[in-house]
Amino acid sequence: MEPFKTHTGIGVPLRRSNVDTDQIIPAVYLKRVTRTGFQDGLFSAWRGDESFILNQEPFSRGSVLVAGPDFGTGSSREHAVWALMDYGFRVVISSRFADIFRGNSAKQGLVAAQVAQPDVELLWKLLENEPGVEVTVDLEEKTVQARDLTVPFEIDDYTRWRLLEGLDDIGLTMRHVDEITAFEATRPGRLPTTAQV
Amino acid sequence: MGRTLAEKVWDQHLVREGEGQEPDLLYIDLHLVHEVTSPQAFDGLRLAGRRVRRTDLTVATEDHNVPTTDVELPIADPVSRTQVETLRKNCAEFGVPLYPMNHAEQGIVHVVGPQLGLTQPGLTVVCGDSHTSTHGAFGAMAFGIGTSEVEHVLATQTLPLKRFKTMAINVNSKDGTLRPGVTSKDVVLAIIAQIGTGGGQGYVLEYRGNVIENLSMEARMTICNMSIEAGARAGMIAPDDTTFEYLKGRDRAPKGVEWDEAVAAWRELRTDDDAVFDAEVDIDADALTPFVTWGTNPGQGLPLGDRVPDPAKIVDENERVSAEKALTYMGLEAGMPLRDIHVDTVFVGSCTNGRMEDLRAAAEVIKGRKVADGVRMLVVPGSMRVRFQAEAEGLDEVFREAGAEWRSAGCSMCLGMNPDQLAPGERSASTSNRNFEGRQGKGGRTHLVSPLVAAATAVRGTLSSPEDLN
Ligand code: SF4
């Protein structure tokens, strides 16, 4: 996973609350067997509608999604995060995230930045008045900045540290590989193995 | 202070105790893999250039998608075929042992582990499938994980986890037995109806009491299997002589001196007398009768002798709304006796009730009788071993003579990922574990039942217990 310090990209105002994971990516896409290529499933029900924000230039090139409260509710599918990232999003901003979505985001390196709703409204206005305006998300400072608007965001310290270091779950665990090897040496020889003979 | 069984197993697997907000790092003894939740995990390894750390603690089988007829032919459904073929490719590339379709050891992942003797007391067992809780019947700590955790275990053989809370479920009766016609399936349905589908959230359940002690291993597996339907992370039962008896001589069980060592270690795996659970629930097993579900979650169940509940009489608003919705979906009228509910299909199988004892119980009821007109009965053994054993005992003939279909091993109609599905509006009595909307096919209506009730229902065409056949 790439370390995340700051990111600058086009902000996309998504004026909807309760965007659940079925809307982010519907169940039909779950049948795939790959980890990549989910961008076509992102918001697929809405993308049929020409007026949908991601069907408009320059938003279709956006990488910072600014959504309404309760983003990512519903099923725990990790595909929701994959779809957002495959599309090109690096940051999602909302005043409230579903817990599981937030956890899944941290694992994949998507920044789920919690911004107070009044500040979300300010961002929406700015992005709508000036389509294509760039938003800078600074994880060290925990700020979102666009033009002369700078607002703070919240993210828990542990997740922030992991993202800054670029450590996915496996990378984190592998920092303790010596301890794992040491533990393995203590396992009794009688424990079962699956090796085919 | 003493420790519970779950805490002992946890402590024995601590690679590293988390500091502050950091979770513990737990070693995983056995990782079971199947075709649905593993492809992206392998793909993730590939993207990051990682390998499988312990192929000798990992085993894969094909179960969710496999057809149960014409198993020699290529799988017709392209999505199912892709998943199965991807699993084969991944196992070959990463060196993971695999039991593919038509292999003598193939079957539902939760049936295969125990029958090989891989599932043993005190192990940590994971699988990308929520019914991994089944293996807890041996006193193992066994739980389902998501795809990114599957990748994590493949790469590191460990999982970062926060400690679970513990809950004792005490199941007792005067003489430690269940009333005739009552099975462990009825016990677990009654438990879920009592504590609710969220009642076990965050907990490891430990099933205890004289009734549990007297159950066979297969009956214990049925109970632990459905722990997840109460929202629990896992369910466990302390290992005892019944457990050791079951394991002795199995392919992967310890042999000789190691067997004696193992049994000595396993005997320590009991909750200490002075240990304290975070919660306790008591079940009066003398009051239990055959249980069936009427709604669309496993907690919506009642004794077979009852009537479909009247939502208007439910005080809790959420439950009332959920009951109203369930009755509409299920096409049932409040107040109707459960025994009057007609079914179109009877399904005996799944990791809940697809083992030898389940098939024997169903066969005994149906022997010499006929499946009612207009009812289709599917009997799907949980594994190839179960299938061959049942055939050796002539159970396949018993089912066929009664008019039931005898199939090859797999998950089948438990979730309808293969062609075994309910048509819209069709109603089943099913020995599986989930009666969610559409679980057994779009628009399908599921009543969860024991194998005994399933067989009796097939004969009468309405929800019935064997008693009703006399
Ligand atoms: S039988 Fe049903 S519950 Fe069990 S593993 Fe298969 S699909 Fe899951």
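I took contact to mean heavy atoms within 4.5 Å. The model is a predicted one.

Entry on Val171(B). Leaving out residues up to four places away in sequence, I found that Val171(B) touches Val187(B), Ile191(B), Ile212(B), Ile283(B) and Ala285(B), among others. The list also includes the run Arg208(B), Gly209(B), Asn210(B) and Val211(B).

Entry on the cores. I then looked up the largest nonpolar core, which has 79 residues. Val171(B) is among the members that touch the most other members, along with Phe42(B), Met141(B), Phe143(B), Ile169(B) and Tyr207(B). Helix H6 of chain B, residues 184–195, contributes the most to this core, seven residues.

Entry on the interface. I counted in the contact 36 residues of chain A and 51 residues of chain B. The two chains bury about 3600 Å² between them, and 55% of that lies on carbon and sulfur atoms.

I found six salt bridges across the interface of chain A and chain B. I looked at one between the side chains of Asp168(A) and Arg50(B), with N to O at 3.3 Å.

Entry on the chain A side. Helices H3 (79–87), H4 (99–108), H7 (169–174) and H8 (177–186) of chain A each supply at least two residues to the side that touches chain B. H8(A) has the largest share, six residues. By class I recorded 12 nonpolar, 12 polar and 12 charged residues on that side of chain A.

Notes
Residues are numbered from 1 along each chain as its sequence is written. Chains are lettered from A and ligands numbered from 1 in the order in which they are written. This is a predicted model: local features need pLDDT of at least 70, side-chain atom pairs count only at pLDDT 80 or more; totals for chains, interfaces and linings use all residues. Side-chain values use heavy atoms; hydrogens and water are left out. Buried area is the accessible area (1.4 Å probe) that two parts lose on being put together, summed over both. A salt bridge is a side-chain nitrogen of Lys or Arg within 4 Å of a carboxyl oxygen of Asp or Glu. Helices (H or I, at least four residues) and strands (E, at least two) are DSSP runs, numbered from the N terminus. Ala, Val, Leu, Ile, Met, Phe, Trp, Tyr, Cys and Pro count as nonpolar, Asp, Glu, Lys and Arg as charged, and the others, Gly among them, as polar. A nonpolar core is a set of buried Ala, Val, Leu, Ile, Met, Phe, Trp, Tyr and Cys residues joined through side-chain atoms within 4.5 Å. Buried means under 20% relative accessible area, exposed over 50%, partly exposed in between (1.4 Å probe, protein chains only).
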